[in-house]
Amino acid sequence: NMFTEDKYSKPHLEAVKSMTASLNNTIFSCIEKSRDLTFDSVMRKSMFDYGSLSAANGADLGLIDAMFPVDPLLSLLHANKEVAAGEKENEEGITDLTKAKKAKLEEIFGLNKSFDKFVATEQVSLVKYHEMMKKKAKLEERRKYFTKLAESSTATSLILSTIGLAPREAKLLPSKVEKVAVVTVDGSIGSSLSYEIIESLRKIRTDDDVKCLVLRVNSPGGSVTSSEAILEELKILEKPIICSMSNYAASGGYYISTSCEKMFANPTTITGSIGVFGIKLDASKWAKDYGIRTDYYPHGSHAASLNPLVPLTPRTKGNITRLIAGHYDYFKNIVANGRSMSVDEVEQVAQGRVWTGEQAKEVGLVDRLGGLDRAVSYAKSTHTKSESVDVEYWPRKKGFWDFISGKESLAGIIKEAVALVKNSSDEADSIVHLFNEMSELKFAERPHFMLTMDEKTALDLILGRE
C-alpha cells in the first residue's frame, strides 16, 4: 500500500487500528500496574482528550511521585552534605539532626518514603571511579611496602616518619589563594551550551578556593529545558553568585540570572523579555503543494499533533497554549522569588517586553549599572578576605587534544558515518540510513518551548545551529 495507494486501504487501516490499540492498551496497563493505579474507560478518554500533561497534572493523577528539579541527584547529594557537615560540628543530638534533615528532604521532594539509606555526598563518573580504584590499589601496595619496611627496625620506622613516608596516606595542602570564578554564558541557550556551563559549574562547586561566582550573561535566551538545567545547577552551587549582563541578558538569559544576589547591567544592555512562546511546525500545505500525501490513525485527540505534516487544529493550539501559559506563570514566579517582587508586579514588567539596562534598574529588574569589572570588584570586596585574589574564566578553552578526542571531532563524525555504512545491506540503503541519521529535519517532531526574545534565535536552536 505504501507504494500503490495515497491513503490507507480498508484492510490496512483495520490492521493499523488493531495493532496501535493493542500497543496503547499494553502501555496503559503497564503504567497502571507499575503505579498501582486503576483508570476506567471514561478517565482514559479524558486523559487522551486533555492532551499534554504538566508535571503538576502528573503528580495529581499519581503518574509521578514528585516534581524534581532537572537533576534530582545533585539536590539529594547537597542535602546529605549538609547533614554530614552538621554532624561533624555537633557531637550531641546527631540522630535528631539527621532525622530533621531527612524529614525536610522527604517533604521537599514530596515522597512517602525514607531517604535514610541514601547517604552519598559526592557524585563520581565511572571513569573517575575507575581511576580512584587504581590509585587506591597503588596506595595500598605502597602502604604494605612501607609497613613491612618500618617493621624491619625502629630506626627505619623513625626515618620514614621524618621524611613523610610513614605508612599513612598523605594529605594535600589546601591552596591559600582565594579565587573568583567568571562563567560566561555566550549565545543562544541550547543543550550543548547548557552542558558546557553545567560542567564548569560542577567543577567550580568542588573548588573550596572559589569564594564567589560571577555569572557573565550575553544571551538572547533559548530553550526552556536548557535554561532550567543551568538555573537548578546555580541554585545548589553553595557559593554567592553575582550577575554581570553584557549586550543581552533576555528571556532565558534573564531566567538563569534570577538566583543571583546582585545583578549588574550596562545602560545599553537589552534585558527582560520575560515571556514564553512555542513553535509547532506546520508543513501540511507545503506537502500538499508538492504532492506528498500521508495518512495516519492516532489514538487520542493529540497523538499526531506534533507531526509536521498534520495542520494546527484549534484543539492542538489550545493544548500548546495551555502549556505555554504554565511555563509563563512559572517564569514569573521564578522572577518574583529572585527579585523579592509580587507576581502582579512582575506581570507589569513582563509580557515579553524588553528593557535597556537603565530602564531595568528603574523597574527593579537589575540592581546596579556597570560592566564586568565592576561586578568582579564587588565580588572581591564582598566575598573575599585577602588582597590577592585570582580571577578564573570559565568555560575553559579546549585544546587541540580535547578536540580530536571529543565526540564532535571530525574523526568522530567520520567514524560514525563509516559505521553506519558498514551496518547497511547495500550502498543505496547505507546512503539513506546516513542521511536519516544526520538530517536536520529531525527537529520537526519535537515540541519546542522557548525563552527567547526573537524568532530567529528560536529557529536557529531548533535547526541545530546552537
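At what angle do the axes of helix H1 and helix H2 cross, and within what distance do they come? The axes of H1 (residues 10-35) and H2 (residues 41-50) cross at roughly 105° and come within 13 Å, where axes are lines fitted to C-alpha atoms, for helices over the stretch in contact, and angles run from 0 to 180 degrees between N-to-C directions. This is a predicted model, in which local features need pLDDT of at least 70 and side-chain atom pairs count only at pLDDT 80 or more, while totals for chains, interfaces and linings use all residues. Residues are numbered from 1 along each chain as its sequence is written, and side-chain values use heavy atoms, with hydrogens and water left out.

**The chain as a whole**

- The secondary structure comes to 19 helices and 11 strands, which are DSSP runs numbered from the N terminus (helices H or I, at least four residues; strands E, at least two).
- Of the 466 residues in the chain, 35% are buried (buried means under 20% relative accessible area, exposed over 50%, and partly exposed in between, with a 1.4 Å probe and protein chains only).
- Among the contacts (heavy atoms within 4.5 Å) with a separation of 6 or more, 72% are between residues 24 or more positions apart.

**Helix packing**

- The crossing at roughly 105° makes H1 roughly perpendicular to H2 (angles under 35 degrees count as roughly parallel, over 145 as roughly antiparallel, 65 to 115 as roughly perpendicular and the rest as oblique).
- On the H1 side the contact is made by Asn24, Asn25, Phe28, Ser29 and Glu32, and on the H2 side by Arg44, Met47 and Phe48.
- Helix H8 (residues 191-205) packs with helix H9 (residues 224-235) at an angle of about 5°, their axes being 9 Å apart, and the two are therefore roughly parallel to each other.

**Aromatic rings and charges**

- The structure holds 5 aromatic pairs, meaning rings of Phe, Tyr and Trp (its six-membered ring) with centres within 6.5 Å, where planes under 30 degrees apart count as stacked, over 60 as edge-to-face and the rest as tilted.
- The ring centres of Trp286 and Tyr290 lie 5.7 Å apart with their planes at 45°, so this pair is tilted; Trp286 is partly exposed at 47% relative accessible area, whereas Tyr290 counts as exposed at 61%.
- Phe28, Phe39 and Phe48 are linked into a cluster by ring pairs.
- The charged end of Arg353 sits over the ring of Trp355, 3.8 Å from its centre (NZ of Lys or CZ of Arg within 6 Å of the ring centre and within 35 degrees of the ring normal).
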